[in-house]
Amino acid sequence: MALAGLGGVFSFLAFPPVGLWPLAFLAPVPLLLALRDARPRRGLALGLTYGLIGYGLTLYWILLFGELAWVSLTLLAGLSTALFGGVFPIVHRRGRPVLTAFGVASLWTTIDWLRGLWPLGGFTWGSLGISQVSNGAAVRIAVLAGVWGVTFIVVFVACLLADATAARRSMRGRLGSLLLAGLAIFAPVLIPSVRTTGRAIDVAAIQIDFRQAARSPSREAGDVAVTRANMRLHGSLRDRPPDLAIWGESALDPASIEILDEVQTEIAAVGAPVLTGSTSTDLSALSSGGPLFNQAVLFDAEGMIR
């Protein structure tokens, strides 16, 4: 249990705000060592321990929305690693480190992919591949396989590192596992990527403190207060309009539609197109009812929705 918990801590440290991304390659290692001789039932418990600690720490920001939300999402994400721990004995092949690494990485990646689909459209926070944004080597696999390919490499390497620590392994076998792990990390740099050929553009990123905006003394709804805070920052760009301004997630939420005309006027006054996050009805159709969508909304420099 201690090993599984340590892996969860490593996973947390690999993500912001700490951001020690190399630890992502070590995070599954303690869990894999603990699972080496475990049966499915114990594997479930070990995987759950890793998940509850790793995701619980990574999702600390969910506490902003209440303990129930944090507990629910942590448990949901933790159940995915519990499933991994329970199935691990099936894919583990003693004495076959490379085959085991492929099987384990495939299992982990598949479960992570399913977590991004179900339930309620999925929740992918804490996926190991996402931690590698600053890794210029392994992250190149995303050109071909997206974040799932990066997750596969991280877990594949972790499994080989775990194998290299096995007491029964010969020195030659350990060196072979370490060499293959190094190749898996650095080989993706050979994948060609698209080179930009256009001119550089000036982008303004606007991010407000949701908590301060929500505590606004105004009697307006919290959604509206958040939108107005974005508008005030956007207004500061009038002297030097950028080529594009990006407002953060939930800059336009349901109640904010009441002041949509003010938003469009402010955008037109600055004269720069705006890409904003929104949880609202279909703004592209200017509908006032119907289901809510988590969407990106683009306004042109005149404030019109595109």
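This is a predicted model: local features need pLDDT of at least 70, side-chain atom pairs count only at pLDDT 80 or more; totals for chains, interfaces and linings use all residues.

Me: What stands opposite L252?

Reply: S278, in β3. Strands here are DSSP E runs of at least two residues, and helices are H or I runs of at least four, numbered from the N terminus.

Me: How many bridges join β2 to β3?

Reply: 4, and the two strands run parallel. β3 covers residues 274–280. Two strands pair if DSSP finds at least two bridges between them.

Me: And β1?

Reply: β1 (residues 203–206) runs parallel to β2 (residues 244–252), again with 4 bridges. I206 has W247 in β2 as its bridge partner.

Me: Switching to cores. Which residues touch the most other members of the largest one?

Reply: L31, L32, F84 and V104, out of 41 residues. A nonpolar core is a set of buried Ala, Val, Leu, Ile, Met, Phe, Trp, Tyr and Cys residues joined through side-chain atoms within 4.5 Å. Buried means under 20% relative accessible area, with a 1.4 Å probe and protein chains only.

Me: Which helix gives the largest share?

Reply: α6, with 10 residues.

Me: What does F84 touch?

Reply: Leaving out residues up to four places away in sequence, F84 touches L31, L32, L35, V104, L107, W108 and I111. Contact means heavy atoms within 4.5 Å.

Terms used. Residues are numbered from 1 along each chain as its sequence is written. Side-chain values use heavy atoms; hydrogens and water are left out. Buried means under 20% relative accessible area, exposed over 50%, partly exposed in between (1.4 Å probe, protein chains only).
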